[in-house]
Amino acid sequence: MSKLFIYSSQYGSGDVVASYLKNKGFEIRKVESTYKLSKVFFFAMMKGGYHAGINKVAKLVNYDNNVAKYDEIYIGSPIWNDRLTPITNAILEETFLKDKKLTFILYSGGGQCKHAYKKLHSLYKDATIINLKQPKKYPEELKKLD
């Protein structure tokens, strides 16, 4: 059974998850976009949180949305303002996920993802959703993926 982890990472939590899953046999696909945030954390969170709140969709760069050969797809997303990021919104729009076993891995600073959960459950009723609180800072959170 082939498994793919598609993700984005602003501050490294997604990269930690990707490394963990790669060691478990997953293929890894990191997604980049033209969407840029300020290097000043406060301004980055203000802009990112606002855009997440209005469900902005980022423009992806060289994204390979072909997932036909994979049985299981894991999608990793940072959580901003309790919501999915513009990059994750774009992944969901551009990737045909019907008939795939889906797991969403959300990494958040506050540990809460109510709006993100609600959106994902409305789109993918049978998907598994796992929330990791700052896996870069708390690597023990990765055990939730076993």
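Me: Does Asp82 count as buried or exposed, and at what relative accessibility?

Reply: Good place to start! Keep in mind that this is a predicted model. Buried means under 20% relative accessible area. Asp82 has 19% relative accessibility, so it counts as buried. You will find Asp82 in the loop between E5 and strand E6 (83-84).

Me: What can I read from the phi of Asp82?

Reply: Here is the general idea: most residues other than glycine have a negative phi. Asp82 is not a glycine, yet its phi is positive, about 70°. Gln134 also has a positive phi, about 45°, without being a glycine. Gln134 sits in the segment after E8 and, with 24% relative accessibility, counts as partly exposed.

Me: Now the strands. Which strands pair with E7?

Reply: Strand E5 (residues 72-80) pairs with E7 in the parallel sense, over seven bridges. On that side, Tyr74 stands opposite Thr103 of E7. Strand E8 (residues 128-133) also runs parallel to E7, joined by six bridges. There, Leu106 has Asn131 in E8 as its bridge partner.

Me: Why is E7 described as largely enclosed by the rest of the structure?

Reply: Because seven of the eight residues of E7 (residues 101-108) are buried.

Me: What does the side chain of Ser77 make a polar contact with?

Reply: First, the setting: Ser77 lies in strand E5 and is buried, at 1% relative accessibility. The side chain of Ser77 makes a polar contact with that of Thr88, at 2.7 Å. Leaving out residues up to four places away in sequence, Ser77 touches Leu84, Thr85, Thr88, Ile105, Leu106 and Tyr107.

Key:
Residues are numbered from 1 along each chain as its sequence is written. This is a predicted model: local features need pLDDT of at least 70, side-chain atom pairs count only at pLDDT 80 or more; totals for chains, interfaces and linings use all residues. Side-chain values use heavy atoms; hydrogens and water are left out. Buried means under 20% relative accessible area, exposed over 50%, partly exposed in between (1.4 Å probe, protein chains only). Helices (H or I, at least four residues) and strands (E, at least two) are DSSP runs, numbered from the N terminus. Two strands pair if DSSP finds at least two bridges between them. A polar contact is a pair of N or O atoms within 3.5 Å; within protein, one must be able to donate a hydrogen and the other to accept it, and residues adjacent in sequence count only if both atoms are side-chain atoms. Contact means heavy atoms within 4.5 Å.
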